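Please examine the structure shown below before reading on. The dialogue after it works through the fold by question and answer.

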Amino acid sequence: MVKRNIVLYIALGEYYANQAVVSLVSLLLVYGGKRPEFGVIVLTDMPDKFVEFERCLNLDARKVEQDEMLALRGPQGFVLRPKIALIERVHSELQGNLLFIDTDTIVRRKLDGMFRRIQEGFCYLHTKEWPLRSGRKSNPELCPRDLAFTLASSTQIQITGETEMWNSGVVGIPASAGALLRDALELCDRFYEVFPGWHVEQFSLSIILQQTGRLRGCRRKIFHYWHSKELAAFFIKKAVPYDTSKTISNLEVEKFVWEARIRFYIHRLRVVT
């Protein structure tokens, strides 16, 4: 039996809540005003920003307090640890297929196909970035030596130059694969002890999910503008607060994606050279 499909956003603080509004508007544009069958959960400290979406989405805006977020950073105080912890919590509670989407995203295709693949047992991250051997050259602090871990689940982890870093702006997990998230959270904690850094959250998810042999990317379906957030100011100004009579158009979305991609390619050339 197909279990419930859920899209998850984590939107804490006005900056990220506004980004989530824009991402949800892009989702509505893709579905042409028709209510998608899947549910949407937004974990936020500003639930009032999402009330209007309940008219056109099966949306549940759940209040999350800052004290709770601080606790989820764990004893090491890692600011990105709550992302994995909250994804794992929601997945465990719902026992359904889960598709986490970062707030700085534009949905460009319907998500039903992704959910079908997740139901078949595939996992998603946004896109493959590079093997560690390449990352060590430009960012040696990422993981300067090979590592091995044995997790509580008995999962064996080998980190070598061939281990791939993926972007975690999207995380898709089947209903039956909660153990993967628990492994990722444990690996995040243990990895951070050895090499504390911004990359540990996405690297931990990358390592665990690529070991399944069923990891897929989705950059053509969801655009992640982590490199061009200042360009999104126009959308935020026009789309927030959300009102069905005042929103952005498909043409404006395509123009933004095009400009952001050009900026990203320029950024990548500068990094390489």
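Predicted model: local features only at pLDDT ≥ 70, side-chain atom pairs only at ≥ 80, totals over all residues.

Student: Which radius of gyration does the protein chain have, and what would a compact globule have?

Tutor: The C-alpha trace spans about 55 × 50 × 35 Å along its principal axes. A compact globule of 273 residues would have a radius of gyration near 19 Å.

Student: What share of the contacts with a separation of 6 or more joins residues 24 or more positions apart?

Tutor: A contact here requires heavy atoms within 4.5 Å. Among the contacts in the protein chain with a separation of 6 or more, the share from residues 24 or more positions apart is 76%.

Student: What part of the accessible surface belongs to carbon and sulfur atoms?

Tutor: Of the 273 residues, 50% count as buried. The accessible surface of the protein chain comes to about 13,200 Å². The part belonging to carbon and sulfur atoms is 52%.

Student: How far apart are the centres of the positive and negative side chains?

Tutor: The protein chain carries 38 positive side chains and 31 negative ones. The centres of these two sets are separated by 7 Å.

Student: Is helix H1 mostly covered or mostly uncovered, and which elements do its buried residues pack against?

Tutor: H1 covers residues 14-30 and reaches 25 Å from its first C-alpha to its last, close to the expected 24 Å. The helix is mostly covered, with 12 of its 17 residues buried; among them are Val21, Val22 and Leu24. Its buried residues pack against strands E1, E2, E3, E4 and E5 and helix H8.

Student: Which residue follows H3, and what is its phi?

Tutor: H3 has 14 residues, 81-94, and reaches 21 Å, close to the 20 Å expected. Of these residues, 10 are buried, including Ile84, Leu86 and the charged Arg81 and Glu88. The residue that follows H3 is Gln95, with a positive phi near 50°.

Student: Why is the phi of Gln95 worth noting?

Tutor: Most residues other than glycine have a negative phi. Gln95 is found in the loop between H3 and E4. Although Gln95 is not a glycine, its phi is positive, at about 50°.

Student: Is Ser154 buried or exposed?

Tutor: Ser154 is found in the loop between strands E7 and E8, and its phi is positive, near 75°. To count as exposed, a residue needs a relative accessible area over 50%. The value for Ser154 is 53%, so Ser154 is exposed.

Student: Is Phe223 buried or exposed?

Tutor: Phe223 has its place in strand E11. The cut-off for a buried residue is a relative accessible area under 20%. Phe223 has 6%, and therefore Phe223 is buried.

Student: What is the separation of the C-alpha atoms of Phe223 and Asp104?

Tutor: Leaving aside neighbours within four places in sequence, Phe223 is in contact with several residues, including Asp104, His126 and Phe256. Phe223 and Asp104 are 119 residues apart along the chain. Their C-alpha atoms are separated by 8.5 Å.

Terms used:
Residues numbered from 1 in each chain as written. Heavy atoms only, no water. Helix = DSSP H or I, 4+ residues; strand = E, 2+ residues; numbered from the N terminus. Expected span 1.5 Å × (residues − 1). Buried < 20%, exposed > 50% of the residue type's maximum accessible area, 1.4 Å probe, protein only. Rg over C-alpha atoms; globule rule 2.2 N^0.38 Å. Areas by Shrake-Rupley, 256 points an atom, 1.4 Å probe, with all protein chains shown as cover. Charge placed at Lys NZ, Arg CZ, Asp CG, Glu CD.
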